[in-house]
Amino acid sequence: MATPPRFEVELEVDDDEFSKLIRWTNSPRVVVDNDSCSDATVIRVDCVNKHGILLQVVQVLTDLNLFIRKAYITSDGSWFMDVFYVTDRDGRKVLDKEVISYIKKSLESDDLFFPKLRNSVGITPSNKHTLIELAGSDRPGLLSEICAVLANQSCHVAKAELWTHNSRVAAVLHVTDESTKGAIEDPQRLSMIKERVCNVLRGDNDPRAARMIVSMGLTHPERRLHQMMFDDRDYERVVAKEVAQDESRPKVTVTNCLEREYTVVILRSRDRRKLLFDTVCTLTDMQYVVYHGTVSSDEDEAYQEYYIRNADGLPVSEEVEQRHLIQCLEAAIERRSSEGLALELREDGKFSLPEITRVFCENGLTIRRAEISREGAQVADNFYVSETSGSPVDPNKIDLIRRQLGLTNLTAKQNTLQPSNPPEVVSTVSLFFANLFRVSFQSFRLIRSYS
């Protein structure tokens with residue numbers, strides 16, 4: 001189990017006695033139960049409801065690399081009650097006492113419920129890194145060109161995450177000055193870096209401008225990637241006819257439950273880690289409120305069902321808005337579901353990132369997604385690559401790249417995020433009432449256990 005991440009949040013909390021009383025009487029309650037389920041750890045969260053709380057809870061669990069196998073959600077009214085069935089990355093129960101303690105401490109903390117900044121459980125500004133956000137038109141070799149430009153400006157990429165989807169690209173990079181090993185603070189130098197990086201990002205025939213901003217780093221990086229892709233309208237399809245015939249894509253339906261004035265959202269896709277985070281993140285940032293929901297996975301197939309309304313309390317009644325919601329949720333699922341070959345690099349930093357990405361490009365490979373960590377003496381890079389033509393990667397090319405770079409620790413792995421056919425349709429109404437009863441019963445048991 002990975003070491004629990006260290007996140008910091010500034011608080012905006014009144015010091016008067018009444019505010020302290022309100023926080024004390026409504027403090028969140030978390031139970032981590034390893035007895036009631038044979039193959040998963042059950043985490044029950046009971047707290048005051050507020051917009052975004054579901055996303056913040058899910059974020060804590062996914063940042064620990066936990067796999068949410070099943071969940072029941074209810075937040076109708078002023079109270080939030082959720083039940084999550086989770087396993088570690090190897091499919092086992094969470095038994096590590098340090099991790100269990102971290103889960104309880106994080107989910108019961110005031111930091112989660114009274115953050116100064118609405119968008120973040122995330123990270124505070126650091127004098128160790130300069131956080132750079134990039135968005136623009138994707139093309140083969142783009143990451144290699146960006147790395148080369150940053151290297152020419154004496155910048156070291158300590159950490160980075162890059163997503164591509166539907167011909168668009170977004171990246172969040174933690175960059176340091178190679179000489180000082182700290183953040184780059186000179187405005188003129190940052191302006192020069194921005195100009196040169198944007199020149200690389202700018203496509204020849206791209207009507208949408210390339211963007212680079214130096215961020216304060218106050219939002220969770222994966223949430224920022226979703227927001228940047230959304231702002232760049234990556235949900236707008238380039239080849240709608242081909243996509244419409246692709247049965248491997250996620251399936252999203254949106255209907256109205258008129259008798260209860262909810263909009264019902266049903267998602268079916270290949271199950272994977274962080275799937276729940278991706279969909280809840282999109283619903284939250286689009287200002288939808290999840291009142292009830294159920295999440296389940298069966299033989300690697302995921303089913304998610306949400307009863308939502310707009311932030312103003314009204315259902316999603318307009319057909320145009322429903323279509324827009326479907327597009328955005330499908331895009332949110334696809335951004336992380338890279339279709340490329342997964343390459344894992346673990347070494348001591350002998351080879352630079354510009355050199356490695358250049359060799360990928362010279363061998364006709366394009367990077368679909370990347371997770372890069374080059375802090376300290378160790379390198380932990382994950383690339384998802386495909387042939388520039390879009391066809392599967394020839395295994396002989398990987399051997400060739402290993403020989404060219406002298407990399408013995410470049411490993412080709414099975415990509416578990418590749419899509420498959422969706423599961424069969426499940427009855428929406430029966431699932432809603434069955435799970436609403438189940439959540440209510442579990443919540444009743446939870447409340448009784450506190451009394």
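I began with Val 175, which is buried, with a relative accessible area of 0%. Buried means under 20% relative accessible area, exposed over 50%, partly exposed in between (1.4 Å probe, protein chains only).

Note on the source: this is a predicted model, where local features need pLDDT of at least 70, side-chain atom pairs count only at pLDDT 80 or more, and totals for chains, interfaces and linings use all residues. Residues are numbered from 1 along each chain as its sequence is written, and side-chain values use heavy atoms, without hydrogens and water.

I placed Val 175 in strand S7. Helices (H or I, at least four residues) and strands (E, at least two) are DSSP runs, numbered from the N terminus. I then listed contacts (heavy atoms within 4.5 Å). Beyond its neighbours within four places in sequence, Val 175 touches His 129, Thr 130, Ile 132, Cys 155, His 156 and Ile 184. Leu 131 lies 44 residues from Val 175 in sequence, yet 6.3 Å away in space, C-alpha to C-alpha.

Next, the sheet. I read eight strands in an open sheet, ordered S8-S5-S7-S6-S14-S15-S13-S16, with antiparallel pairing. Two strands pair if DSSP finds at least two bridges between them. S8 (211-215) and S16 (410-413) are the edges; each has a single partner strand, so one side of each lacks a neighbour in the sheet. The twist averages 25° from one strand to the next.

I checked S14 (365-373) against S15 (379-387): eight bridges, antiparallel. Glu 371 faces Asn 382 in S15.

Last, a helix. H10 (319-336) lies across S6 and S14, at about 130° to S6. Axes are lines fitted to C-alpha atoms, for helices over the stretch in contact, and angles run from 0 to 180 degrees between N-to-C directions.
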